[in-house]
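Q: I would like to learn how to read the features of a protein model, one at a time. Could you take me through this one, giving the general idea before each case?

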Amino acid sequence: MAPDPDRAAGSLYRKVAADLREAITSGSFGDAGRLPAEGALAEQYGVSRGTVRQALAMLRADGLVTSRRGTRRVVLGSARVQSFSELLSFTHWARSMGEEPGGRLESLIRRPADAAEREQLRLEPGTDVYVTLRLRTLSGTPVMVERTVYPPRVGELVAELPPDVVSHTEPLREHGILFTDADHTIDVVAANADDARLLGCRRGSPLLREKRRTTDPTGTPVEWSQDRYLPGTVAFSIHNSLASSALSRHARDSD
């Protein structure tokens with residue numbers, strides 16, 4: 001089968017963006033430094049200017065660079081921007097703060113997807129999904145209950161993982177399941193019986209909920225998840241500007 005040029009191009013600009021992101025975060029360009037011109041970057045990576053523009057758009061969306069008409073991209077020297085991996089992965093996020101992440105699988109079931117799950121994961125009627133319930137801890141302290149629905153090709157891999165594995169994202173990546181884009185919805189929900197039992201809170205007490213649908217480089221959904229946090233353990237910040245919009249998660253001290 002001939003390679004898909006659109007998929008190859010998508011993979012290419014993500015690789016360029018990843019390389020530039022690493023250079024920026026390591027300080028190669030310095031605070032408020034200027035990136036090379038598009039033409040120079042295209043020549044450096046052996047890609048088209050269009051590919052470079054797509055890579056720079058990703059960095060701009062992450063709040064790593066900004067630009068004004070007639071000038072080269074400028075590296076933002078403000079507060080550290082949380083990487084996509086840290087925002088997506090509880091394990092990456094915890095380790096970035098110097099905390100020890102923990103995870104315990106409470107249940108994993110395979111069942112037919114309901115209407116909402118079929119819509120979110122783009123599944124045909126009658127398709128089975130894998131549903132996990134996990135307790136997540138920071139340095140041994142329970143902070144979050146994670147509920148994730150996986151499509152069959154991902155769920156089959158998750159079902160083979162040890163129940164006490166800390167991260168699902170990392171071993172799935174080793175099997176070629178890439179988490180590259182996500183939509184987030186944040187609200188407040190009342191704790192149910194499982195939440196109360198696992199988190200040690202009262203049933204009906206408010207929890208911060210993050211709902212997330214994540215897709216791979218082709219736009220195919222790979223998970224639909226909701227994480228419920230104890231109040232006072234985390235907060236989400238959103239920075240908006242003409243140059244970028246960035247969402248980040250950070251720890252909070254209890255009041």
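A: Let us start with a definition that strand pairing needs: two strands are said to pair if DSSP finds at least two bridges between them. Please keep in mind throughout that this is a predicted model. With that rule, strand β7 (residues 206-215) and strand β8 (residues 221-229) pair in the antiparallel sense over eight bridges, and within this pair Arg-213 has Trp-224 of β8 as its bridge partner.

Q: What is the strand order of the open sheet, and which strands are its edge strands?

A: In general, the strands of a sheet pair through backbone hydrogen bonds, in either a parallel or an antiparallel arrangement. Here six strands make an open sheet in the order β3-β4-β5-β8-β7-β6, and the pairing is antiparallel. The edge strands are β3 (101-112) and β6 (181-190), each of which pairs on one side only. On average, neighbouring strands of this sheet are turned by 20 degrees against each other, direction ignored.

Q: How many bridges join β4 to β3, and how many join β4 to β5?

A: β3 and β4 run antiparallel and pair over 11 bridges, while nine bridges join β4 to β5, again in the antiparallel sense.

Q: Why is β4 described as largely enclosed by the rest of the structure?

A: The reasoning rests on a cut-off, namely that a residue is buried when its relative accessible area is under 20%. In β4, 10 of the 11 residues are buried, so the strand is largely enclosed by the rest of the structure.

Q: Where do residues other than glycine take a positive phi?

A: As a general rule, most residues other than glycine have a negative phi. One case is Ser-139, with a positive phi of about 50 degrees; this residue sits in the turn of the hairpin formed by β4 and β5, which have two residues between them. Ser-139 counts as partly exposed because its relative accessibility is 44%. Another case is Arg-122, whose phi is near 55 degrees and which lies in the loop between α6 (115-121) and β4 (128-138). Arg-122 counts as exposed because its relative accessibility is 53%, the cut-off for that class being over 50%.

Q: Which residues of helix α2 are buried, and which are exposed on the other side?

A: In α2 (residues 38-45), the buried residues are Glu-38, Leu-41 and Ala-42. These residues cover an arc of only 100 degrees around the axis, which means that they lie on the same side of α2. Glu-43 and Gln-44 are exposed on the other side of the helix. Just after α2 comes Gly-46, with a positive phi of about 70 degrees.

Q: Which elements give two or more residues to the largest nonpolar core, and what lies apart from that core?

A: The largest nonpolar core has 15 residues, and those with the most contacts inside it are Leu-20, Ile-24, Leu-35, Val-52, Leu-56, Leu-59 and Val-65. Two or more residues of this core come from each of α1 (5-25), α2 and α3 (49-61). Apart from this core lies another, of 11 residues, including Val-189, Ala-191, Ala-196 and Leu-198.

Methods: Residues numbered from 1 in each chain as written. Predicted model: local features only at pLDDT ≥ 70, side-chain atom pairs only at ≥ 80, totals over all residues. Heavy atoms only, no water. Helix = DSSP H or I, 4+ residues; strand = E, 2+ residues; numbered from the N terminus. Buried < 20%, exposed > 50% of the residue type's maximum accessible area, 1.4 Å probe, protein only. Axes fitted to C-alpha atoms, helices over the stretch in contact; angles between N-to-C directions. Arc of directions from axis to C-beta. Core = buried A, V, L, I, M, F, W, Y, C linked by side-chain atoms within 4.5 Å.
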